[in-house]
Amino acid sequence: MRIGYMTNGFGPLVGDGAGVTSVKDIRYLTMGNDEEILKSITEVGFRSIEVLEGNLTKYSNDLSVLKDMLQKYSAEMMSVCVGANFIYQDALEDEMYHMETVAKAAKEVGVTYIGICGGAIRGKGIQEEDYTLLGKGLDMAGHVFAEYGLKASYHPHLGSMAEAPEQIDKLFARTSIDICPDLAHLAAGGGDPLEIVKKYYDRISFVHLKDLDENGFAPLGTGSIDINGVLDFLKQKGYNGDYLVEVDGYAGDPVSACRTSYEFLKGKLI
């Protein structure tokens, strides 16, 4: 079992500028010094990380730079988060090109998991058939990543088509892809994280641990989510998979958030 930490809490989230005009170049990207972020996370005690896709593919021309950086801090890249629209049929070919670009780099760096976000919301709102389109797109992406030995899963997320519990159910009835449950996103979307984890236990790839308070996402143990209840259930079920801690969109100090979350997990997973 590994417990990783997401780097996106250490800088603002942006989209790669080239993606404005070329679908194949759309990327999530955390702005910041990748090495300084990695140093901060490993000094707290985490040895595995997740990054946004742009923080991987920007090294594609020379991945040895990234691999040397990870080795320097005795760290590994456990997972990568990717995003796409998936419902626009004319764009799917280039979106799969995008997925394969990420897959090639991820395999070379030694990544295990791909967490997929997305499912565009149209200007006229979500159409019922969009869930079928998203499900098919996710199955296509899952196949691309599987060809590179990577475990792909869908991450239900605020601002996507799978935010509320009933939306999550609609989507997962239309796709065979695994799930990456994020406790805070599930709660913020109006769901009970423990009940959703129970419902989709057999499809869990890996788990995002995150807390939620009145101001938004928060370090573990400082919000209202029953994280211990989820961990206890997973232990009872014999879950031996990996976890990823994420505190994105947090207004406080990112290093303190990382340290607070690490301390919370002592005696539980650490």
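This is a predicted model: local features need pLDDT of at least 70, side-chain atom pairs count only at pLDDT 80 or more; totals for chains, interfaces and linings use all residues.
User: What makes strand β4 count as largely enclosed?

Analyst: Strand β4 covers residues 48-52, and five of its five residues are buried, so the rest of the structure largely encloses it. Buried here means under 20% relative accessible area.

User: How do you know which strands pair with β4?

Analyst: Two strands pair if there are at least two bridges between them. Strand β1 (residues 3-6) is joined to β4 by three bridges, and the two run parallel. On the other pairing, β4 and strand β5 (residues 76-84) share five bridges, also in the parallel sense. Both counts meet the cut-off of at least two, so both are called pairs.

User: Which residues stand opposite each other in these pairs?

Analyst: Y5 has I49 of β4 as its bridge partner. S48 stands opposite E76 in β5.

User: What is the order of strands in the open sheet?

Analyst: Eight strands make up the open sheet, in the order β8-β7-β6-β5-β4-β1-β12-β9, with parallel pairing.

User: Why are β8 and β9 called edge strands?

Analyst: Strands β8 (178-179) and β9 (207-209) each pair on one side only, and that is what an edge strand does. For β8, the partner is strand β7 (residues 151-154): two bridges join them, and they run parallel. Within that pair, Y154 has I179 of β8 as its bridge partner.

User: What packs on the sheet?

Analyst: Helix α10 (residues 254-265) does, touching β1, β9 and β12 (243-245). The direction of helix α10 makes about 160 degrees with that of β1.

User: How do you know how many disulfides there are?

Analyst: A disulfide needs two cysteine sulfur atoms within 2.5 Å, and by this rule the count is zero. Take C180: the closest cysteine sulfur, in C117, is 8.0 Å away, so the two are too far apart for a bond. For C258, the nearest cysteine sulfur is that of C180, at 18 Å, and C258 is in no disulfide.

Terms used. Residues are numbered from 1 along each chain as its sequence is written. Side-chain values use heavy atoms; hydrogens and water are left out. Buried means under 20% relative accessible area, exposed over 50%, partly exposed in between (1.4 Å probe, protein chains only). Helices (H or I, at least four residues) and strands (E, at least two) are DSSP runs, numbered from the N terminus. Contact means heavy atoms within 4.5 Å. Axes are lines fitted to C-alpha atoms, for helices over the stretch in contact, and angles run from 0 to 180 degrees between N-to-C directions.
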